[in-house]
Amino acid sequence: RVLWKYPGLDYSLVKPTGLLAKQTYLDDRKTEIQKTVQAFAKTHGLWFFFRGNCSYCHHFAPILKQFAEHYGFQVLAVSLDGGALPDFPEARLNFGQAEKLNVASVPALFSVNPKTQEIQPVSYGLMTIQELEERIWTISQNGLGEAL
């Protein structure tokens, strides 16, 4: 009854706990994340570091390609060993970019703002599209660390 009289004390109004309210909250959050990622893709590109002999890279490449095509990201694929990936046939060779960014494991993904030349790590390892959306959303909200 206290919450009826003082609804500001009810935390479930901020972070819903009921089934219907929780689903509505999650749907709204997903829409917000997708809009943010679409806007981010207009100002940022992605650098994708891989090795041709990396099975994780081969599994991540089609996921990244689908993600990039859906949101309109330009992807620069960089091979650390001269190997190739079917989803990124025009990959470039590493000419020191990986060393400058301290890329020690692959697959590695970085966001790049060509206007400000800000580079931020997005992910290392195999990830889903949903995880990539969450990472990009977090970077766009918090800046997640300092630019390199």
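I began by noting that a residue is called buried when its relative accessible area is under 20%, exposed when it is over 50%, and partly exposed in between, with a 1.4 Å probe and protein chains only. I also noted that helices (H or I, at least four residues) and strands (E, at least two) are DSSP runs, numbered from the N terminus.

The model is a predicted one, in which local features need pLDDT of at least 70 and side-chain atom pairs count only at pLDDT 80 or more, while totals for chains, interfaces and linings use all residues. Residues are numbered from 1 along each chain as its sequence is written, and side-chain values use heavy atoms, with hydrogens and water left out.

**Entry: strand β4**

I looked up β4 and found it mostly covered, with 6 of its 6 residues buried.

I then checked its partners, counting two strands as paired if DSSP finds at least two bridges between them. β4 pairs with β1 in the antiparallel sense over 5 bridges, and Gly-45 stands opposite Val-112 in β4. β4 and β5 also run antiparallel, joined by 6 bridges. In the hairpin of β4 and β5 there are 4 residues between the strands, and Gln-117 takes a positive phi near 60 degrees.

**Entry: Ser-111**

Ser-111 stands opposite Gln-120 in β5. Taking contact to mean heavy atoms within 4.5 Å, and leaving aside neighbours within four places in sequence, I listed the contacts of Ser-111, among them Phe-40, His-44, Leu-46 and Val-122.

**Entry: helix α5**

I turned to α5 (residues 129-142), which has 14 residues and reaches 20 Å from its first C-alpha to its last, close to the 20 Å expected at 1.5 Å a residue; the expected span is 1.5 Å times one less than the number of residues. Its buried residues are Leu-132, Glu-133, Ile-136, Trp-137 and Ile-139. Seen down the axis of α5, these fall within an arc of 160 degrees, so they line one face of the helix; the arc is that of the directions from the helix axis to the C-beta atoms. On the other side of α5, Gln-130 and Asn-142 are exposed. What covers the buried residues of α5 includes α2 (19-43), β1 (45-50), α3 (55-71), β4 (108-113) and β5 (118-124).

Within α5 I picked out Ile-136, which counts as buried because its relative accessibility is 0%. Not counting residues up to four places away in sequence, Ile-136 touches Val-37, Phe-40, Leu-46, Phe-67, Phe-73 and Val-122.

**Entry: the largest nonpolar core**

A nonpolar core is a set of buried Ala, Val, Leu, Ile, Met, Phe, Trp, Tyr and Cys residues joined through side-chain atoms within 4.5 Å. Which residues of the largest core touch the most other members? Of its 36 residues, I found these to be Phe-48, Phe-49, Phe-67 and Phe-73. The elements that give two or more residues to this core are α2, β1, α3, β2 (75-79), β4, β5 and α5, and α3 gives the most, with 7 residues.

**Entry: cysteines**

I searched the whole structure for disulfides (pairs of cysteine sulfur atoms within 2.5 Å) and found 0. Cys-54 is buried, with a relative accessible area of 11%, and Cys-57 is buried, with a relative accessible area of 0%.
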